[in-house]
Amino acid sequence: MLLPLFSRLFALLAMILLIGLMPWISGRDPALSLLRARSSEQEATPEALNAIRQRFGLDDGPLMLLGRWFAGLLRGDAGNSWISGRPVLEGMLQAAGVSLALMACALTVALLVALLLALPTLWRGLCGHRHRPAGVLAVALTSLPEFLLAALLLIVGAVWLRWFPPYGWQSLQHVVLPALALGLPAGGLLGLLFSDGLAATFSERWLITWSLAGISRRQRLLAVLRRTLPALLPQIGLVLVGLTGGAIAVEKVFAIPGLGRATLGAAIAQDLPALQCGILILLVIAFSAGFLAQGAHYLLLGRIAASLPNSPQPQHSVRGSYLVAALAALLLCLLVFSGVIRDPFSSLHMRLQPPSLALPFGADATGRDILARVAQGAVNTSLLALGVSFASLLLGILFGLMPRLMCGVIELANATPPVVAGLLVIAITGPSAYGAACAVMLVSWAPLAAHCASLLTEARTQPYIRMLPVLGIGPLRTLTHYLLPALMGPLLRHAMLRLPGIALALAALGFLGLGPQPPSAEWGLVLAEGMPYIERAPWGVVTPVAALVLLAVLAVTLANAAGRRRG
């Protein structure tokens with residue numbers, strides 16, 4: 001018990017140290033960063049830099065300043081902004097209130113959507129039918145990342161239909177589109193999981209006994225919900241963690257004065273005190289959400305959770321999922337092959353030129369071929385995602401072989417949204433494709449490590465593995481010649497299934513300006529470049545959105561089919 005506790009305390013201390021030492025870990029002179037944050041035009045003379053060091057005490061060294069920063073946090077002082085010179089904590093807490101209100105509205109939307117999606121399964125189960133519907137609508141909602149859905153809702157609800165205001169946070173009308181952008185994907189995921197859980201519960205034998213005994217439908221309904229909902233609570237915690245990261249993109253799209261947008265602005269402006277405070281509050285929100293969900297799960301089940309029998313998983317046909325995945329992959333390949341031979345960088349056309357036969361998807365604001373840029377972005381994003389997938393696989397195997405020692409780091413990575421990791425990495429390395437890849441890799445290895453630990457435990461119980469020490473085979477040879485070969489196949493398939501999702505995470509960072517910089521051709525960057533001209537030239541947004549939708553559908557259908565097959 002002491003080893004996991006030590007691991008969790010070490011992970012928490014390491015995260016606090018990382019946030020506190022950000023001005024020095026980057027390798028840049030903090031005095032120079034502060035000068036650039038306040039005035040990008042002022043010359044960085046030795047006299048100016050020395051004056052800044054003396055004024056802010058930067059000569060005392062990182063450890064002394066880390067101690068002052070931490071002591072200030074305990075007193076409720078997170079430091080002063082490098083740009084405005086005002087205390088950052090009050091403003092960040094006000095922004096956090098806006099973000100929490102948005103997340104509460106999004107969670108309400110998610111729970112309502114999950115309930116509506118699960119109602120057919122619930123009704124069929126009460127009528128005696130155990131089969132669960134295919135869940136096509138739930139898969140479709142889950143396959144839309146928040147930043148992508150926000151762009152779609154902005155186009156349809158604000159630009160085309162003009163039902164809702166496109167930007168701001170002044171009235172209930174301003175809440176609708178952002179809450180839908182955050183809540184619909186989460187609701188699709190929860191609806192999918194809730195429907196599976198209900199179908200599994202309805203297949204248990206005790207329910208048949210209750211039905212034959214004449215127990216009322218209302219009592220059976222309450223018993224089914226009590227049996228199913230506790231298993232859903234940890235997933236709600238994960239959804240809340242996802243909302244923490246997704247809110248950053250949604251707040252940027254709709255210009256909401258929330259914590260995510262404020263932290264993103266601090267990262268881009270290199271206002272490190274504000275960035276430190278924003279990341280710290282984001283992580284506290286994410287950890288608190290996961291902790292509350294786990295606490296509610298324990299209060300509902302307590303110690304009996306370990307004694308509950310596992311429900312038999314409902315059986316599904318995976319043929320439809322693979323057909324949808326194949327269709328999405330085919331359309332993506334056609335898009336890439338038709339545009340990869342074109343020039344994605346030359347401004348050979350009129351600005352915002354509409355689509356035509358010679359220019360199928362039109363031109364962007366600088367006259368570049370959008371088809372060529374989206375196709376080139378597919379190649380760049382896919383290759384980068386492939387590298388991240390293999391790096392995550394190696395880290396997952398390395399850490400998964402020692403799960404008790406690394407449990408704290410695994411839990412920390414699981415509780416950190418990719419966008420928050422991106423803010424941390426970009427504060428150190430600066431916006432780049434390399435920084436975005438590192439950020440996604442830092443959190444994407446954790447599910448692979450958990451899967452590796454589970455497979456390792458299962459493999460060690462096999463009779464032939466337990467006989468190896470009797471035959472004189474040592475632990476190292478057992479690991480390299482017997483255990484690792486048994487783990488590699490399932491882990492490699494798992495890593496490849498995560499490839500489209502990693503590509504979407506990279507696109508999200510590019511959309512937020514934390515990934516490749518112009519004039520690179522990257523999906524998220526292409527989408528971000530088209531957003532300011534969405535009313536005049538919607539084709540600049542529709543094309544990268546369509547490509548990202550295809551990739552999202554491919555990711556979710558493959559993962560859903562794999563999960564069904566494992567069930």
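Predicted model: local features only at pLDDT ≥ 70, side-chain atom pairs only at ≥ 80, totals over all residues.
## Helix H21

Helix H21 is formed by residues 499–511, 13 residues in total. From its first C-alpha to its last it reaches 18 Å, close to the 18 Å expected at 1.5 Å a residue.

Eleven of the 13 residues of H21 are buried, so the helix is largely enclosed by the rest of the structure. The buried residues are Pro500, Ile502, Ala503, Leu504, Ala505, Leu506, Ala507, Ala508, Leu509, Gly510 and Phe511. Just after H21, glycine 513 adopts a positive phi of about 85°.

## Aromatic pairs

A pair of aromatic rings is described by the distance of the centres and the angle of the planes. Two aromatic pairs are found in a search of the whole structure. Phenylalanine 147 and phenylalanine 511 form a tilted pair, with 5.4 Å centre to centre and 35° between the planes. This pair links distant parts of the chain, since phenylalanine 147 lies in helix H8 and phenylalanine 511 in helix H21, 364 residues apart. Phenylalanine 147 counts as buried, at 3% relative accessibility. Phenylalanine 511 is likewise buried, with a relative accessibility of 3%.

Phenylalanine 399 and tryptophan 445 form an edge-to-face pair, in which the centres are 4.8 Å apart and the planes make an angle of 65°. Phenylalanine 399 is in helix H15 (residues 370–400) and tryptophan 445 in helix H18 (residues 433–460), so the pair ties together parts that are 46 residues apart in sequence. Phenylalanine 399 has a relative accessibility of 17% and counts as buried. Tryptophan 445, at 3% relative accessibility, is buried as well.

## Cysteines

With a disulfide taken as a pair of cysteine sulfur atoms within 2.5 Å, the count of disulfides comes to zero. Cysteine 333 is partly exposed, because its relative accessibility is 38%. Cysteine 438 has a relative accessibility of 17% and is therefore buried; the cut-off for this class is under 20% relative accessible area.

Notes: Residues numbered from 1 in each chain as written. Heavy atoms only, no water. Helix = DSSP H or I, 4+ residues; strand = E, 2+ residues; numbered from the N terminus. Expected span 1.5 Å × (residues − 1). Buried < 20%, exposed > 50% of the residue type's maximum accessible area, 1.4 Å probe, protein only. Phe/Tyr/Trp six-rings, centres within 6.5 Å; stacked < 30°, edge-to-face > 60°.
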